[in-house]
Amino acid sequence: MSTVTAVMWFRRDLRLSDNPALLDAVARGRVLGLFVVDPLLWGRSGDPRRDQLAASLRSLSESMDGRLVVRRGDPAVVVPAIAAEVGAASVHVSADYAPYGQQRDQEVEASLKCPLVRTGSPYAVAPGRVLNQQGRSYQVFTPYFKAWLAHGWRQPVEAPASVQWIKAESEDLPESSQVAGEHAALERWRDYDVAAYDDERDRPDLDSTSRMSIPLKYGEIHPRTMLADLARKRSAGAEAYRRELAWREFCADLLARHPHAAWQPLRPEFEKMQYDEPDEPFDAWCAGRTGFPFVDAGMRQLAATGFMHNRVRMVVASFLVKDLHVHWKFGARWFMRTLRDGDLASNSLNWQWVAGCGADAAPYFRIFNPVSQGLKFDPDGAYVRRWIPELRDLDGRTAHEPWKHGGGAGGYPDPVVDHAEARLEALRRYDAIRS
């Protein structure tokens, strides 16, 4: 093998298989596998995301015979320094399309004495590739989805047959209690019954979603691998799952073209919307003590596990924006701190979808009723009772309306708002920005 040295700078691709950037690095010669703990990103992450990342890094290092090199610091300083330290002829990465990631990579590239080689991305179809007949990007999902399918994607690639990993001084990996990494992600995906996805994906009480958003976030599995498996399946569940993967890529495409959408509305008229300050009701929302059981169960699941069912995410988001009248960015930031799968594009653009201010957003008048949503998607109250012990003495559907059945035990709070009145106020505020 050649004695030329390449640096493989891992970021959101913490795996060895289906990793074109790694294959490119291996083709150059000996490889130093590097992960940089960026203080800026680490500081913005809450404990669940840090814990998940630490577990994924530990798994990756084990698959590299313990040769993963971890350094802390500004990537624009750390990456050029280690490239010079080992005499690297090139640094290899999967392209990053997030606003900060693009800026960071430009700064690293400007500081390097060797090329920064971008190969592949965290997506089956990279942002900017799906265009309409006028050569423009899509603003609506359904035509994007059709064009995304027509565009297609490459087949997954195998892991390199062998890698001559280079040793270098490394900092200790953070501790973690989680099971994570490429092998665990592949095993979970292979075991998942996607055929039931279309029927059960909105039922948090069944706990039957794949939870693959977490390994997708850290690149423990590539969506190409999942799409290749889905292509061999013929079911409504497989079709629905493919559509959800496309929605993830639609969000990434939107954010790459509109970086401000991370925290500002895509529809500028919503800048004029009247919002309330995130005070006591917001604190109650964060703590899962709003008095609306379906909302509170979701927020307590998030606090306990770093995860929340997608249907419940939509309901709690609608409740914050349209019942409590708090700007969606405060909820989006809370989610980014507390979710294990916190992904900026998916998080912010999905919040905007619920808030009615994003591309292809839900109409603003679509205001989720937190009680009827619970009754429909948690019909026996099992999800609510699982996360709210104060309501475990209420049978069946009664858990969704404890104020009608003695209020439960243990001091469960009364509702912080009247939903009907809050809904009318939300519509009044929306009408004000349209006039």
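Is D253 buried or exposed, and what is the relative accessible area of D253? In this predicted model, D253 is buried, with a relative accessible area of 2%. A residue counts as buried under 20%, so D253 falls in that class. The salt-bridge partner of D253 is R257, and their closest N and O atoms are 3.0 Å apart. R257 is partly exposed, at a relative accessible area of 25%. Both residues belong to helix α11. They sit four residues apart there, about one turn of the helix. An α-helix has 3.6 residues a turn, so residues three or four places apart point the same way.

A second pair is found in helix α19, which spans residues 419-434. Here R429 forms a salt bridge with E425, with 2.8 Å between the closest N and O atoms. These two residues are also four residues apart, and about one helical turn separates them. R429 counts as buried, because its relative accessibility is 7%. E425 counts as partly exposed, because its relative accessibility is 21%.

Salt bridges also link residues into a network. Its members are R11, D96, R104 and D105. Within it, the side chains of R104 and D105 meet at 3.0 Å, N to O. R104 is buried, and so is D105. The count of salt bridges comes to 29.

The sheet comes next. Five strands form an open sheet in the order β3-β2-β1-β4-β5, and the pairing is parallel. Strands β3 (69-72) and β5 (116-118) stand at the edges. Each has a single partner strand, so one side of each is left without a neighbour in the sheet. Neighbouring strands are turned by 30 degrees against each other on average, direction ignored. Helix α5 (residues 99-111) packs on the sheet and touches β1 and β5. The direction of α5 makes about 145 degrees with that of β5. Helix α1 lies across β1, β2, β4 and β5. This helix runs at about 160 degrees to β4.

Strand β1 covers residues 5-10. Strand β2 (residues 30-37) runs parallel to β1, and six bridges join the two. One of the residues involved is A6, whose bridge partner in β2 is V31. Strand β4 (residues 90-93) also pairs with β1 in the parallel sense, over three bridges. In that pairing, M8 stands opposite H92. Between β1 and β2 comes a helix: β1, α1 (residues 20-28) and β2 make a right-handed β-α-β unit.

How many residues of strand β1 are buried? Six of the six are buried, so the strand is largely enclosed by the rest of the structure. In a regular strand the side chains alternate between the two faces of the sheet. Both faces of β1 are covered. T5, V7 and W9 are buried on one side, and A6, M8 and F10 are buried on the other.

Helix α10 (residues 223-230) is likewise largely enclosed, because eight of its eight residues are buried. They are P223, R224, T225, M226, L227, A228, D229 and L230. The elements that cover them include α1, α6 (141-151), α7 (182-191), α9 (213-218) and α11 (236-257).

Helix α3 (residues 47-63) has 17 residues. From its first C-alpha to its last it reaches 25 Å. This is close to the 24 Å expected at 1.5 Å a residue. Twelve of the 17 residues are buried, so α3 is largely enclosed by the rest of the structure. Among the buried residues are P48, R49, D51 and Q52. The buried residues of α3 pack against strands β1 and β2. They also pack against helices α2 (39-44), α7, α9 and α15 (328-338). Just after α3, D65 takes a positive phi of about 60 degrees.

D343 lies in the loop between α15 and α16 (344-355). D343 is buried, with a relative accessible area of 9%. Leaving aside residues up to four places away in sequence, D343 touches R12, K217 and M336.

Note on methods: Residues numbered from 1 in each chain as written. Predicted model: local features only at pLDDT ≥ 70, side-chain atom pairs only at ≥ 80, totals over all residues. Heavy atoms only, no water. Buried < 20%, exposed > 50% of the residue type's maximum accessible area, 1.4 Å probe, protein only. Pairing = 2+ DSSP bridges. Right-handed = clockwise from strand over helix to strand, strands pointing away. Contact = heavy atoms within 4.5 Å. Expected span 1.5 Å × (residues − 1). Axes fitted to C-alpha atoms, helices over the stretch in contact; angles between N-to-C directions. Salt bridge = Lys/Arg side-chain N within 4 Å of Asp/Glu carboxyl O.
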